[in-house]
Every structure is written in C-alpha cells, then in structure tokens.
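Student: I have a structure to look at today, and I would like to work through it with you. Could we take it one question at a time?

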Number of protein chains: 2
Amino acid sequence: MRLIIVGFGNVGQSFAKLILSRSADLYSTYGVNPRIVACIDKKGAVVCPSGIDLQKLLDIKKIKGTVVEYRSEGCKSLEDDVVEQTDSDVLLELTPTNLQNGEPGISNIISAMRSGKHVITTNKGPLALAFPSLMELANYNNVMLRFSGTVGGGTPILEFAKRCLKGDRILSFKGILNGTTNYVLTRMEQGLSFESALRDAQEKGIAEATPELDIDGYDAAAKVSIIANWVMGMKKTICDVERIGIAEVTLERIEEAQKRNNSIKLIGMTENRKLIVRPMEVSKFDPICVNGTLNAVTFSSEHSGQQTIIGRGAGGMETASAVLRDLIEIKNSVYEM
Amino acid sequence: MRLIIVGFGNVGQSFAKLILSRSADLYSTYGVNPRIVACIDKKGAVVCPSGIDLQKLLDIKKIKGTVVEYRSEGCKSLEDDVVEQTDSDVLLELTPTNLQNGEPGISNIISAMRSGKHVITTNKGPLALAFPSLMELANYNNVMLRFSGTVGGGTPILEFAKRCLKGDRILSFKGILNGTTNYVLTRMEQGLSFESALRDAQEKGIAEATPELDIDGYDAAAKVSIIANWVMGMKKTICDVERIGIAEVTLERIEEAQKRNNSIKLIGMTENRKLIVRPMEVSKFDPICVNGTLNAVTFSSEHSGQQTIIGRGAGGMETASAVLRDLIEIKNSVYEM
C-alpha cells in the first residue's frame with residue numbers, strides 16, 4: 001500500500017518507527033506492506049514513488065528538522081498539490097489539531113478523497129467542525145475515512161463502541177476525554193490550587209504552554225462530537241456541544257465533593273441527544289472515576305448494559321498504533337473483499 | 001439462518017426474547033434472519049424445519065417447564081442425535097457450565113462441527129477443558145466456533161482484545177473475572193465476615209447454593225484459560241492454571257490492605273506465560289479495582305499501552321446479546337465473503 005504522510009511530528013515519526021519495527025510481521029499477519037511515497041512537513045514535501053527509506057527519513061528529520069532535506073535517487077521535493085498529484089492509496093493526515101477552521105487538515109483530506117485516496121487522520125479539527133460533510137464526501141468518492149487516533153489515543157474507544165457492541169444499540173455515553181484536565185483536577189484533589197496544578201502539568205509536558213484548548217473543554221468537546229457522529233449517528237459539530245471548562249472549578253467545590261466520596265471530573269456526555277462537556281461530580285466508585293492522565297468512557301447499550309473502557313488518552317506511539325489499526329482495517333475492507 | 005438452540009434456560013430464553021424484539025432491525029441492519037429449527041432442553045427436543053414460533057415456545061416453556069410440549073404442524077419431538085441429524089447452519093450451545101468433563105456441551109459441539117455447523121457457545125466447560133482441540137476440530141471442519149458470552153457476559157472482553165487491538169501484540173492481561181467473588185470481597189471490605197458476605201450474596205441470587213465453582217476460583221480459572229488461548233495463542237486448559245480461591249481470605253488481611261489504600265481482589269492473570277488465579281492486593285487507584293459484581297480486565301499491549309475494560313460479567317440478556325454478536329460475526333464472515 002502506498003501512503004502519503006502529512007505532518008511528521010511526534011505521531012508521524014512514531015508511526016515510521018512502528019512500521020520499521022513491525023514490517024515483517026505486518027506482511028505475514030495482515031498482508032500489509034506499507035510504502036511511504038511522500039512525506040510532507042511544514043517546510044515542504046519529499047516525493048519518492050519507489051518508496052522512502054524510513055530510517056533515513058527519521059535521521060534527516062532529526063538532524064535537519066525537516067523532511068525536505070531527504071535526498072535519494074528518483075525522489076523530488078515538491079511545493080504544491082502533493083496530496084492530489086501523488087499516486088497513492090491512503091493519506092495519513094497527522095497535522096496538529098486546529099479547531100478554528102480545521103486547516104490544513106480539511107484541505108488535505110478533501111484533496112485526498114477527491115483524488116480517490118482513503119484517509120486516516122489523527123487530527124480532531126476537520127472532524128469536529130465538519131464530520132457529517134466529510135463522511136458524505138468519503139461515501140460519494142467511495143473511499144474510507146478513519147480516525148481511531150482522534151479519541152483516546154491508543155485506547156480504541158471508537159472501535160470498541162462500533163465493533164464490539166455490534167448488534168446492540170448504544171443509547172448514551174459519558175466519559176473523561178481529556179487527560180490534561182483530568183491530571184489538573186487530580187492534582188487539585190491532592191490540595192494544589194488550579195494555578196499550581198496547571199503549572200505542574202506544564203512542567204511535566206502534560207499541558208501545553210497555551211493550555212486553553214484543554215482547560216476550556218474544547219478538546220473534550222471535539223471528541224464528544226466525533227463519538228456522537230460515529231457511534232450514535234448524530235449529525236453534529238463541536239458548535240453543538242454545550243461546553244464549560246475547568247478554569248472555574250474551586251478547591252472548595254472539590255473538597256465538598258470529596259466529603260460525599262465524589263470527585264469533580266470534566267465529563268463529556270450525551271443527555272437526551274444533547275451534547276455536553278462540563279465539570280461534574282462523579283462517585284469515586286464509578287468506573288469512569290479514573291485519575292491522572294487516564295481517559296475513561298462508559299457506553300450504555302440497550303441489551304448488554306454499561307461498559308467502560310479506560311486507557312491513556314495520548315502519546316505518540318499509542319496514537320501511531322491507532323493509525324496502524326486503521327490502516328489494517330482499510331486493507332481488510334477494501335483489498336480483500 | 002437456521003439455528004439449533006440447546007439449553008433453554010435463562011440465556012436461551014433471553015436470546016429468544018432478543019430475537020423477537022429485534023427481528024426487523026436485525027434483518028435491515030445486518031441481513032440476519034434467524035430461524036430456530038430445533039430447541040432442546042433437559043426433557044427432550046422439538047424440531048421444526050419451517051421455524052419455531054418463539055413467542056409460543058417461550059409461553060410453553062413457562063407453563064409446562066419444557067419445550068417438548070410445543071406442538072405445531074410439521075413439528076416433531078425427537079430423542080436422539082438431534083444436533084447431528086437436524087439441518088441447520090449454527091448450533092447455539094447454551095447448556096450450563098460443567099468443569100468436570102464439559103458434558104453435554106463437548107458432545108453437542110463436536111456433533112455440530114462434524115456435521116458442518118458453526119457453533120456459538122456460552123458454556124465455559126468445553127473451552128476450559130479442551131480449547132486447543134476444539135479449535136482444531138473447527139478448523140478441520142471449516143466451521144466457526146465463537147464464545148463471546150463465556151467471558152464477561154455482555155462485556156465484550158474477548159472481542160475487545162482480538163479486534164480492537166488489531167495490529168498490536170497483547171503481552172499480558174490481569175483482571176477480575178468473577179462477579180460473585182468480587183461481590184463477596186466487596187462486602188467483606190465493608191466489615192462482613194466471609195460467611196456473612198457469602199450468605200448475603202446467596203440471598204441476593206448472586207452466589208449459587210453450591211458456590212464452590214466461584215469461591216474456589218474455578219470459574220475465573222476457566223475464563224483465564226479461554227482468554228489465554230484466544231487472545232495470546234497459548235495452548236492451555238484450566239488444568240494449567242495455578243488456582244487459589246477466596247475462602248482463606250481473612251478480614252485482617254483485607255483491613256491490612258486497606259491501610260495501604262489497597263483492596264484484596266481475586267485476580268486472574270498471566271505472568272511469564274504462567275496462568276494464575278489468586279487473591280491479590282490491588283491499589284484502589286488501579287482501574288481494575290472495581291467493586292460489587294463488576295468484572296474488569298487490563299490488557300497490556302506492545303504499542304498502545306494498557307487498556308482496561310469494565311462491565312457486568314453476567315446476566316441473561318447481557319449474555320444473550322453476546323450470542324447475537326457472535327451470530328452477526330458468523331453471518332458477516334461466512335455468508336458475505
């Protein structure tokens with residue numbers, strides 16, 4: 001399978017390492033033989049129809065800071081329309097999430113689908129802003145759009161709901177979908193002020209220098225909208241999510257909750273088909289009441305009851321493993337049937 | 001699809017109700033149109049090639065206590081070899097678990113596979129005693145053997161590990177696999193003696209009158225062997241599981257653990273490819289540390305980290321929903337490809 005990688009940061013590089021370490025096994029177990037025919041980062045693109053040497057690409061990226069410096073016979077650097085112009089089977093859209101307008105993700109995804117390529121993305125922006133229309137475009141072009149890594153990192157929350165509960169109907173979901181805010185709230189429960197807890201998270205590399213995306217609940221809201229579309233068939237965007245972040249959560253409120261054996265958690269959920277993200281009191285005995293950077297989601301289904309799935313919500317290699325799962329799914333669905 | 005149901009207790013009757021309530025949706029969404037051509041309980045069998053009226057069957061079972069009294073045009077009561085002699089696509093083996101010799105489950109499963117029928121079972125006995133050879137027989141006869149309901153009831157623990165973590169390698173697992181013992185240990189943590197906690201569980205219908213299967217860890221050991229075979233490719237039986245039950249767990253030990261913010265839980269796990277069931281101290285902050293009748297399993301995988309799945313481990317309708325999932329999977333794998 002010929003792949004284009006757009007965005008060669010943490011997830012992209014982890015994916016390259018994953019492919020390198022697993023190539024023999026991937027072919028023998030799943031019949032997947034990935035060949036990277038183009039790689040694009042902020043500085044430009046390298047295109048190599050016969051396949052890019054991934055170890056060399058990783059080395060160049062590390063030394064020079066960009067893939068554009070990769071040189072090899074038959075390879076060229078391109079500026080424009082690389083996604084559309086390069087022959088390939090699948091686009092891996094791994095650029096950072098932009099919840100303002102979804103770019104450059106949305107344009108990359110649309111270019112790929114229009115030129116008949118399947119798309120795997122870890123970018124929440126395009127889906128949070130335009131899930132229904134992107135899915136329609138995928139159907140129209142008869143290609144697959146997959147995005148396991150957008151919710152839960154390596155934790156297969158979306159697959160779980162869609163595949164493992166097949167034959168059942170999911171009626172609602174409720175969960176902790178953002179590791180950064182969960183870490184901050186966990187530290188506050190240990191007595192730190194909001195400001196100290198946030199600083200601690202930033203020092204540990206858990207929170208960004210500009211943490212609003214997490215703290216104000218935008219990241220969780222993006223994930224709520226993606227789950228609602230994919231699992232429950234709702235046609236909603238992030239704009240439909242009623243959203244309150246954790247900036248106003250006080251130590252007093254947390255202490256009050258603890259007296260009742262409860263915790264304050266930033267919960268994303270559906271309620272009467274409304275989408276909600278807000279700090280809520282959760283019993284410490286509820287399985288979703290996890291601490292630190294963990295994520296947890298409970299699905300309520302018609303016949304098989306409540307099911308909770310818990311895991312780390314982030315991490316380069318974890319998210320890369322989600323991309324690989326998507327790739328295997330596309331391979332199985334498209335090329336074997 | 002023509003189905004034979006063997007065992008018409010709680011799970012069998014729940015499955016019949018599930019099919020009745022979902023027939024339109026099952027056909028439109030999954031293309032599954034189940035027709036029950038035979039039903040067998042302890043007293044005998046009714047065979048009806050044109051399809052048994054499930055509502056009538058449920059009523060008869062309720063009033064007369066057996067399916068043998070079902071009468072309808074074209075139907076007959078049979079005594080012997082019903083599984084082998086009746087034309088059908090899938091056998092649902094729903095008889096109670098027998099960990100002594102696996103009967104009548106093993107014989108039913110073998111008869112079905114030999115006569116070219118796929119098998120879905122909720123019976124842990126045959127798998128715990130003979131997983132490797134039953135799987136070989138299924139392959140030899142080119143039929144599918146599925147058993148989602150044997151581990152976790154409605155909680156799709158096996159599918160989760162097998163499907164959702166596709167492309168990854170599961171290195172180990174660790175979990176609470178028996179709701180009855182978990183309920184007893186939870187009550188003991190609240191101060192009840194082992195005997196009082198067990199009596200309470202029996203009064204609530206959570207523990208059996210003869211509770212050794214649960215208390216002595218046999219049920220958990222059966223599940224450990226099934227997970228080890230299915231998810232990790234180990235060729236093991238329940239006899240390979242090092243097993244200690246909860247009968248010797250003292251209140252003192254539980255109190256000591258609580259001082260360290262830990263709980264005593266009956267844990268089933270792999271360790272250096274050994275299979276183990278025994279009471280262990282688990283941190284209250286570990287996601288698998290669930291209370292009451294809940295089950296929880298953590299899978300550790302090579303790339304996507306640790307994932308925990310939590311849900312009720314039993315229940316007639318929950319387990320019936322697992323049977324339906326298996327049926328849909330068989331339909332998709334066999335009849336559409």
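Student: How many bridges join strand 13 of chain A to strand 13 of chain B?

Tutor: This is a predicted model, in which local features need pLDDT of at least 70 and side-chain atom pairs count only at pLDDT 80 or more, while totals for chains, interfaces and linings use all residues. Residues are numbered from 1 along each chain as its sequence is written, and chains are lettered from A and ligands numbered from 1 in the order in which they are written. Strands (E, at least two residues) and helices (H or I, at least four) are DSSP runs numbered from the N terminus, and two strands pair if DSSP finds at least two bridges between them. Strand 13 of chain A covers residues 305–312 and runs antiparallel to strand 13 of chain B, with A:Ile310 opposite B:Thr308; the number of bridges is 5.

Student: Which element of chain B gives the most to the side that touches chain A?

Tutor: Two residues are in contact if their C-beta atoms, placed from the backbone, lie within 7 Å, and 37 residues of chain B are in contact with 37 of chain A. Helix 1 (10–30), helix 6 (157–164), strand 13 (305–312) and helix 12 (316–335) of chain B each supply at least two residues of that side. The element giving the most, with 8 residues, is strand 13 of chain B.

Student: In the open sheet of chain B, which strands stand at the edges?

Tutor: The sheet has 7 strands in the order 4-3-2-1-5-6-7, with mixed pairing. Each edge strand has a single partner strand, so one side of each is left without a neighbour in the sheet. The edges are strand 4 (76–78) and strand 7 (145–146).

Student: Which residue is the bridge partner of B:Leu92 in strand 6 of chain B?

Tutor: Strand 5 (residues 90–93) of chain B pairs with strand 6 (residues 118–121) of chain B in the parallel sense over 4 bridges. Strand 5 is also joined to strand 1 of chain B by 4 bridges, again parallel, and there B:Ile4 has B:Leu91 as its partner. For B:Leu92, the partner in strand 6 is B:Ile120.

Student: Are the residues B:Val90, B:Leu91, B:Leu92 and B:Glu93 buried or exposed?

Tutor: A residue is buried if 20 or more other C-beta atoms lie within 10 Å of its own, exposed if 12 or fewer, and partly exposed in between, with C-beta atoms placed from the backbone. B:Val90 and B:Leu92 point one way from strand 5 of chain B, and B:Leu91 and B:Glu93 the other way. All of these residues are buried.

Student: What percentage of chain A do buried residues make up?

Tutor: Chain A has 12 helices and 13 strands. Out of its 337 residues, the buried share is 55%.
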